[in-house]
Amino acid sequence: MKKRVYKIAFSVAAAMLIGCGGGGGGSSSSTGTVSGSVIDGPIAYAKVCVDTNFDKICNDNEPQATTDINGKFTLKDVNLTAKAPILVEPVSGKTFDTVTKKEFNKKLAAPLDGSKVNVNPITTLVGAKLYELKKENNLTDEAVEKIKETVAKAVGMDPKELTSADITKDPKVYAIAVTLASAVDDIDDIDKVVDFDKLKEGNLTEAVKDPVIKEVLETVEKKDLKASDPSHIQLAIQDAIKKQDPSLLEQVNLDELALENLLVNNNWYIASEEGDLIVFEEDGNFIDYSDGEEYGTWEVNDKGEIILKYGNGEVIKITSITQQNPYMYNVILTDKNGTYHETLLSIPKGEDLRELPGISFINKKMLENKFIDLGYEKIIFYADGTYEERNNEGSAKGTWSIKDGELVIEGTNVDDNKSFTAQAVLFDNSFITLINEEGKKKGFIIPAKLQDLSAGSVNGNNGNTGFTPEMVADKSFGINTEEIIVFKKDGSWVLYSEGEEDDKGTWKIDSQGHLILHSTEENKDYVITLKENLDQVIVYELNGQTIYAAVLNTTNPYVSVSSSDDLKSINSLVGLKTFTKEMVEGKTFLVHGGDRITFKNDGTFIDTWEEDGDTYTATGTWEIDSNGVLVMNYDQNNAPEDTPDTVYVALGVAEADAYKVIVFIVKDGKLISVFPDKVIVSGSTNDGNVTTGFTKEMVANKSFGIDYEDVLVIKDDGTWVLYNDTEEDDKGTWKIDSQGHLALHSTNENKDYLLTLKQNMGPVIEYELNGQIKYAVVLNTDNPFISVSSSNDLKSITGVIGIKSFTKEMIEGKTFEADEGEKLTFNSNGTFTDEWEDDEGENHVSTGTWEIDSNGVLVMNFDPSSDEIPDTVYVALVNSTQNKMLVSIFVVKNGKLLFVTPDELVIQ
């Protein structure tokens, strides 16, 4: 039975990998909850309490909590009418500043002022005075409000928001706070640092006694502070104070000073790749240990971008560096081949792993007879002190032990038999691991997903590339926008469609690692072959089709969801990699099937899709939450039927012009579907005026391969040029009318052409011209005739490469009919025959060799025969059905792209 597909947010496209608290104010009851954050840099693992007896100690009988890794806390059963300070008390050896990775040993305070209280150096000016007022027996509402007004006026804040405001959102206020933090060692020292009589005059700079701090504050007051991340403000100011040189804040951009400090003081490991080490020196040189030792120079430009210049001339630009936790950073970098998203491990130089703030020590019992399943390999810890590593290359063994709370492993690699020593400590449910491999240092972050050997069949698959019971048992697979299949440990499975049982049966794994599903309803077996295990997403083949599924670590997938925190327990991709506001704001996401979602700068979005010939539109608001998840809240007023309430989009991989994601759809507070997806990012929405037709960002500075030999180039100055066989054939002007039509005026013909957009598939568009439906391949350049030696060269100008991949089985031994009766036959010996008829009715035959390259592109190398025959044709798959394929064809002659055209190949 055909059911409506949830196209509201996303439809399945292609492969993938893969502050706080309520509002301020009071409560209707005198007892309630107080939440907030401790900021001096986010302060992790500190005690927070209501100091009801004013002894400056968090006692057991006082409401207390511990801050999390982001500095957030929640106090329960608090008397909200109490005149008492919120006290932050450091825990020796545990509390630390997550930005500087340094132990934090100061006490901070703030007045208890409603259900939301953020504690920081500015609130500490007020909180410290509460203790004095109590001692003077003058702790009245009027006295407290007077101090709040004095401090708020001096730092430029609203007294009513002094404790509830998130100071990281205001660069100037945050700069004042971190400057004060460098001067205030404890709440008892406030009067030694600040002259409150002068503070009453509204001038904080004059009130501060330390000359260096005073000079920094003067700079902060007159400087237009800008930084891409609040932590950069903190690092820059602390560096200037440490060097006793406030003039540094005048000379350079804060991003520049902060990033220089961050890079030089830490060792950096490319944890998302091979774990290789990069060391940045203070003199502007760096060493990259990825391939031996490569040297180069580095700098931070005025845009806050990190530029690496290698000795061989290679240049890498890091355009974004975002701290995910104290030791893990997400970066976006660009080189000559494109844009990449990487995860870096950052360890302070000279620090022993056991001395890192916030880490937990490991004991032997935690690891004995346990294993870690990383998807691509398993690491097994036996009780006798030996370990085994298994992957597709085979297995290797070694020894493991615990020394002073640190895991030490000695062994050899499976793939290259190199010996190594590894050290690991536990941090936030992950192992921070440093490896010395025959003198080469590497670093990784390994999820601490420990499983009992007795609970799973770690031995059942003998390291082959197929399914294993632990990959399937007690898991759920989200396979499309409607269906979730649940696998029980007892060997049974149930398929749910839109939350209702649709089929059920039994499952087993055969000796080749195939997952065999027996359908009770159909009395039929389905054989599923694992293609790739990406941990939170698996790629498998069923009946010759490649399918992608999101893996949920539960047999009850229809969980209640009120935030992305509720999704973390069932899919660990949530929060592993994070969206930033810049990755979404002003962008349009183009989704397979024609869905088009535009995210405006004002925090709203428009979702447009077509179904059964009708066009639908839904609207709502969007945000990036604290887990780095894109949250889309749909407006239910006049919304189409079956519109979800909320969609959560978790990032897997960020590419140059596409994001691989997992999509979670929520309706009535329940998760109703989950699936992997890939969305194409299509530029900026500019003014945010969205139609279902063409937009300026879709066409300006783009080229369109519209048929054989013709390429249309559209400039952002309102002109266009049509090239035929690389020579100018026509030109004119263009505009987009209020209905979203693309209007082209031909100078040669003095005639207008009106193009109507039918479907935007990202790298390919479908449009109507003079009553005819046509396709065009979109190139992200106004200079399409580039040099091409492989399909990698095409990646920079089109998003079609790698969206979907050909397999050898799709081509070998088959014959296809293309446009105008052209017939292509691909032989099993790697040769092909191309038969076609020219405009004069003469028949022609060309031959050559074919292969599927590493990008999944069909490459046809033609035998030389005439000047009209191309050298190479690259065929990229856009979409496929049972008997036909929509493709983009790139024709290359003499090393140059000659033209590009869409086509439909029909299997004969």
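Me: Which residue in β38 does phenylalanine 605 stand opposite?
Reply: Phenylalanine 605 stands opposite glycine 620 in β38. This is a predicted model, by the way.

Me: How many bridges join β37 to β38?
Reply: Eight bridges join strand β37, residues 604–611, to strand β38, residues 614–624. The two strands run antiparallel.

Me: What holds strands of a sheet together in general?
Reply: Strands of a sheet pair through backbone hydrogen bonds, and the pairing is either parallel or antiparallel.

Me: And which way do β38 and β39 run, parallel or antiparallel?
Reply: Antiparallel, with five bridges joining β38 to β39, which covers residues 630–634. In that pairing, isoleucine 624 stands opposite leucine 630 in β39.

Me: What about the turn there, which residue takes a positive phi?
Reply: Glycine 628 does, with a phi near 75 degrees. The hairpin of β38 and β39 has five residues between the strands.

Me: Stepping back, how many helices and strands does the protein chain have?
Reply: The chain has 16 helices and 58 strands. Of its 908 residues, 54% are buried.

Me: What does the accessible surface come to?
Reply: About 40000 Å² for the protein chain, and carbon and sulfur atoms account for 43% of that.

Me: OK, barrels. In what order do the strands starting with β10 close?
Reply: Eight strands close into a barrel in the order β10-β11-β12-β13-β14-β15-β16-β17, with antiparallel pairing. From one strand to the next, the twist averages 30 degrees.

Me: Zoom in on β10 and β11. How many bridges join them?
Reply: Three bridges join β10, residues 266–270, to β11, residues 277–280.

Me: Which strands does helix α10 lie across?
Reply: Helix α10, residues 254–264, lies across β10, β11, β13, β14, β15 and β16. The helix runs at about 150 degrees to β13.

Me: Then the strands from β43 on, what do they make?
Reply: Another closed barrel of eight strands, running β43-β44-β45-β46-β47-β48-β49-β50 with antiparallel pairing. Neighbouring strands there are turned by 35 degrees against each other on average, with direction ignored.

Me: How many bridges join β48 to β49?
Reply: Four bridges join β48, residues 751–760, to β49, residues 764–769. Asparagine 760 stands opposite isoleucine 765 in β49.

Me: New topic: α1. How far does α1 reach from its first C-alpha to its last?
Reply: Helix α1, residues 121–135, reaches 22 Å, close to the 21 Å expected for its 15 residues at 1.5 Å a residue.

Me: Is α1 mostly covered or mostly open, and what does the covering?
Reply: Mostly covered: twelve of the 15 residues in α1 are buried. Among them are Pro121, Leu125, Lys129 and Tyr131. The cover for the buried residues of α1 includes β6, β9, α2, α3, α4 and α5.

Me: β6 is on that list. Which of its residues are buried on each side?
Reply: Pro85, Leu87 and Glu89 are buried on one side of β6, and Ile86 and Val88 on the other.

Me: Which strands join β6 through bridges?
Reply: β3, residues 47–50, is joined to β6 by four bridges, and four bridges join β6 to β9. Both pairings are antiparallel. Valine 50 stands opposite isoleucine 86, and leucine 87 stands opposite alanine 109 in β9.

Me: Last thing, salt bridges. What does the count come to?
Reply: The count comes to 19. One of the arrangements is a network linking Asp113, Glu145 and Lys148.

Conventions:
Residues numbered from 1 in each chain as written. Predicted model: local features only at pLDDT ≥ 70, side-chain atom pairs only at ≥ 80, totals over all residues. Heavy atoms only, no water. Pairing = 2+ DSSP bridges. Axes fitted to C-alpha atoms, helices over the stretch in contact; angles between N-to-C directions. Contact = heavy atoms within 4.5 Å. Salt bridge = Lys/Arg side-chain N within 4 Å of Asp/Glu carboxyl O. Buried < 20%, exposed > 50% of the residue type's maximum accessible area, 1.4 Å probe, protein only. Areas by Shrake-Rupley, 256 points an atom, 1.4 Å probe, with all protein chains shown as cover. Expected span 1.5 Å × (residues − 1).
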